[in-house]
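Q: I am new to this structure and would like a close look at a single part of it. Please give one connected account.

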Amino acid sequence: MDGAPECPVDLAVAMRWLGGDRALLCELVGIFVDDGPKRVQAIRSALTADDVRQVEHVAHSLKGSSAILGATRLSTAALALEDAAHDGHTENTPELVAAIARELDRVMEFFADPGWTDRLDREVAS
Amino acid sequence: MRVLIVDDEPIVRRLHEASLTGWGYQVASAAGGEQAWEIFQSDDPPELAILDWTMPGMDGLELCTRIRALGREPKPYLIFVTAKARTQDIVTGLRAGADDYIVKPFEREELHARVQVGFRMLALQAALADRVRELEEALARVKQLQGLLPICSYCKKVRDDRNYWQQVETYIEGHSDAQFTHGICPDCREKYVAPELERLRRIREAGQSGTQL
């Protein structure tokens, strides 16, 4: 048990960001599902190339997009990597990247389940 | 009212696009600083832009600095929307030429309100520019009446810049927005009109009495 919350996505946060626009959320989820795994790959490539600035940039971008979708833990993990890269503290980056990959998997799994829109409807109704 | 969104993150860009389109603005997007710079150098740049700061290649700060250095009139209204939240970041962004600065995360309604402020400022600037232009045109007309103007010592005609002698009122009407309506001043009434009236009165009296004047 790692203490993680049961749900990796807080749909109430997402709906607040989007002003309650359900269709827009579905559209943004589609973009995220296409794009998210590429972000982790981009971080790993930048680390291999020792390009700390690129690591910071991709982590920054992932932090912002995941926050909009209510993926708060993923956003926090991306922020940790962004800060580390910004400060030049690369010694912990493997663990930070692993944390991002883990959280991203959970978010992807959440959105891969067609039932997430039912949860969204319940959220809207409440 | 045209808005350019500059953000490399597709989800943020799409969120801005949906919001601004819903609020009735014409929206264009650029995925990076270089693309936005091309748009700002075009003949028809946007009136207002929302800039992310952290982008690969040309970042928002450099883009903002370049746009201001371009010196175009009217100046576009630039709003940073960024996660860079330190006071020093905000100061740096505003000093680079941004008109406003919003720190992420933000509420959509806040962005809407600030965009509305931006367009109010642009309308105010346009109105002021119009007024300045009107004043400059008026000043140019006034200047046409300045300088050394030759005037005839006897008939009081003035000589124009094409060497024609004109009545004073004709000259002034041609060189300003002034128009003349004729009247008689008290002095001239005393000097010219009163004797003439007196002369006419005497003629009438002489005619009545049969006296030859």
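In which order do the five strands of the open sheet in chain B stand, and is the pairing parallel or antiparallel?

A: The model is a predicted one. The order of the five strands in the open sheet of chain B is 2-1-3-4-5, and the pairing is parallel. The edges are taken by strand 2 (26-30) and strand 5 (100-103) of chain B, each of which has a single partner strand, so one side of each is left without a neighbour in the sheet. On average, and with direction ignored, neighbouring strands of this sheet are turned by 20° against each other.

One pairing can be followed in detail. Strand 3 (residues 48-51) and strand 4 (residues 77-82) of chain B are joined in the parallel sense over four bridges. B:Leu51 has its bridge partner in strand 4 of chain B, namely B:Phe80. The loop between helix 3 (60-70) and strand 4 of chain B holds B:Pro74. The peptide bond from B:Glu73 to B:Pro74 is cis, with omega near 0°. For background, most peptide bonds are trans.

Two helices of chain B lie across the sheet strands. Helix 1 (residues 10-22) of chain B lies across strand 1 (2-6), strand 2 and strand 3 of chain B, and it runs at about 170° to strand 2 of chain B. Helix 2 (residues 33-41) of chain B lies across strand 1 and strand 2 of chain B, and its angle to strand 1 of chain B is about 155°.

The domain assignment of chain B gives domain 1 as 2-138 and domain 2 as 158-209. The centres of domain 1 and domain 2 of chain B, taken over C-alpha atoms, are separated by 63 Å.

In all, 14 residues of chain B are in contact with 16 residues of chain A. Helix 1 of chain B supplies six residues, the largest share of the side of chain B that touches chain A. By class, that side of chain B has eight nonpolar, one polar and five charged residues.

Within this meeting of the chains, helix 3 of chain A packs with helix 1 of chain B at an angle of about 45°, their axes being 8 Å apart. Helix 3 of chain A and helix 1 of chain B are therefore oblique to each other. A:Gly64, A:Ser65 and A:Ile68 of helix 3 of chain A meet B:Ile11, B:Val12 and B:Leu15 of helix 1 of chain B. This contact of helix 3 of chain A with helix 1 of chain B divides into four nonpolar, two polar and no charged residues.

Helix 3 of chain A has a further partner in its own chain. Helix 2 of chain A and helix 3 (residues 52-68) of chain A pack at an angle of about 160°, with axes 9 Å apart. That angle makes helix 2 of chain A roughly antiparallel to helix 3 of chain A. The crossing of helix 2 of chain A past helix 3 of chain A is left-handed. Residues in this contact include A:Leu28, A:Phe32 and A:Arg39 of helix 2 of chain A, and A:Gln54, A:Ser65 and A:Ile68 of helix 3 of chain A. The contact of helix 2 of chain A with helix 3 of chain A has 11 nonpolar, three polar and one charged residues. In the loop between helix 2 and helix 3 of chain A lies A:Asp50. Phi of A:Asp50 is near 60°, a positive value in a residue other than glycine. Most residues other than glycine have a negative phi.

Helix 2 of chain A also packs with another helix. The axes of helix 2 (residues 22-48) and helix 5 (residues 93-112) of chain A come within 11 Å and cross at roughly 165°. That makes helix 2 of chain A roughly antiparallel to helix 5 of chain A, and helix 2 of chain A passes helix 5 of chain A in a left-handed crossing. Among the residues that make the contact are A:Val29, A:Gly36 and A:Arg44 of helix 2 of chain A, and A:Thr93, A:Leu104 and A:Phe111 of helix 5 of chain A. By class, the contact of helix 2 with helix 5 of chain A has 11 nonpolar, two polar and one charged residues.

Conventions. Residues are numbered from 1 along each chain as its sequence is written. Chains are lettered from A and ligands numbered from 1 in the order in which they are written. This is a predicted model: local features need pLDDT of at least 70, side-chain atom pairs count only at pLDDT 80 or more; totals for chains, interfaces and linings use all residues. Axes are lines fitted to C-alpha atoms, for helices over the stretch in contact, and angles run from 0 to 180 degrees between N-to-C directions. Angles under 35 degrees count as roughly parallel, over 145 as roughly antiparallel, 65 to 115 as roughly perpendicular and the rest as oblique. A crossing is left-handed if the near helix is turned anticlockwise from the far one by less than a right angle, and right-handed if clockwise. Two residues are in contact if their C-beta atoms, placed from the backbone, lie within 7 Å. Ala, Val, Leu, Ile, Met, Phe, Trp, Tyr, Cys and Pro count as nonpolar, Asp, Glu, Lys and Arg as charged, and the others, Gly among them, as polar. Two strands pair if DSSP finds at least two bridges between them. Domain bounds come from an automatic or database domain assignment.
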